[in-house]
Amino acid sequence: MRTINTCKGGALGVDIGPRAYQRAWQRARLIAVSRLARFRATMRISGFTFVRNAIDLYYPVVESITSILPICDEFIVAAGDSTDGTTELLRTIKDPKLKIIETVWDESQFVHGATNAVQTNIALDACTGDWAFYLQADEVVHEEDLGPVVDRMRDSLDDRRVEGLLFDYLHFF
């Protein structure tokens, strides 16, 4: 006789024979798999960034955005009032997940990066996902890392102790 413990709530509360135990365990496993599948199907990931004059600054903004798009349900860009065609460059990314918010930068807030914070928050506030993945315009995510990132997001989604994920990264210059 065994007691089945299927969740935090404890045992099912009955002692049963081996055959019934096996059927109940398989059923419990199917329920758990079903819940997991539903959980995975509903997790949404938003990517977001801000950018201004990426062409003049040689930022690989298209490569940056397209590196994370495969795992995103949406990608929000706060596109500043560029003078070099950056916003037009962003529009060449023909993906319905991309949402461009055209912004005007307040030059009085250039001190101590305040404008960067304002622009980041504009994009973040437009995100609707369970996770918001911040990627700067000069950063890319390697394709081999996309799967593990999504796995970690899924594993942590319902853990209220987790407020964010940190990743190791490389600087190339």
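The model is predicted, so local features need pLDDT of at least 70 and side-chain atom pairs count only at pLDDT 80 or more, while totals for chains, interfaces and linings use all residues. Residues are numbered from 1 along each chain as its sequence is written, and side-chain values use heavy atoms, with hydrogens and water left out.

A salt bridge is defined as a side-chain nitrogen of Lys or Arg within 4 Å of a carboxyl oxygen of Asp or Glu. Six salt bridges are found in a search of the whole structure. One of them joins Lys99 to Glu74, with the closest N and O atoms 3.0 Å apart. This pair links distant parts of the chain, since Lys99 lies in strand β5 (residues 98–102) and Glu74 in strand β4, 25 residues apart. Helices (H or I, at least four residues) and strands (E, at least two) are DSSP runs, numbered from the N terminus. Glu74 is buried, because its relative accessible area is 0%.

A salt bridge also forms between Arg52 and Asp81, whose closest N and O atoms are 3.2 Å apart. Distant parts of the chain are again linked: Arg52 belongs to the loop between β3 (45–51) and α2 (61–68), and Asp81 to the loop between β4 (74–79) and α3 (86–91), 29 residues apart. Arg52 counts as buried because its relative accessibility is 17%, whereas Asp81, at 29%, counts as partly exposed. In a further salt bridge, the side chains of Asp159 and Arg161 meet at 2.7 Å, N to O. Asp159 has a relative accessible area of 23% and is therefore partly exposed; Arg161, at 72% relative accessibility, is exposed. Through salt bridges that share partners, Arg44, Glu74 and Lys99 are joined into one network.

The buried residues of α2 are Val61, Ser64, Ile65, Ser67 and Ile68. They lie on the same side of α2, because they cover an arc of only 160° around the axis, the arc being that of the directions from the helix axis to the C-beta atoms. These buried residues pack against β3, β4, α3, β5, β6 (131–134) and α5 (143–156).

Gln119 is found in helix α4 (residues 114–125) and counts as buried because its relative accessibility is 2%. Its side chain makes a polar contact with the side chain of Trp105 at 3.3 Å. A polar contact is a pair of N or O atoms within 3.5 Å; within protein, one must be able to donate a hydrogen and the other to accept it, and residues adjacent in sequence count only if both atoms are side-chain atoms. Leaving aside neighbours within four places in sequence, Gln119 is in contact (heavy atoms within 4.5 Å) with Phe50, Ala78, Thr103, Val104 and Trp105.

The largest pocket has a volume of about 1,300 Å³. Of the 37 residues that line this pocket, Phe133, Leu135, Glu139, Phe167 and Tyr169 are the closest to its centre. A pocket is, on a 1 Å grid over the protein atoms alone, an open set of points where a 1.4 Å probe fits, with protein on both sides within 12 Å along at least five of seven lines; lining residues have an atom within 4 Å of a point. The largest share of the lining, six residues, comes from α5.

Key:
Buried means under 20% relative accessible area, exposed over 50%, partly exposed in between (1.4 Å probe, protein chains only). Grid points are joined across faces, edges and corners, and a volume is the space filled by probe spheres set on the points.
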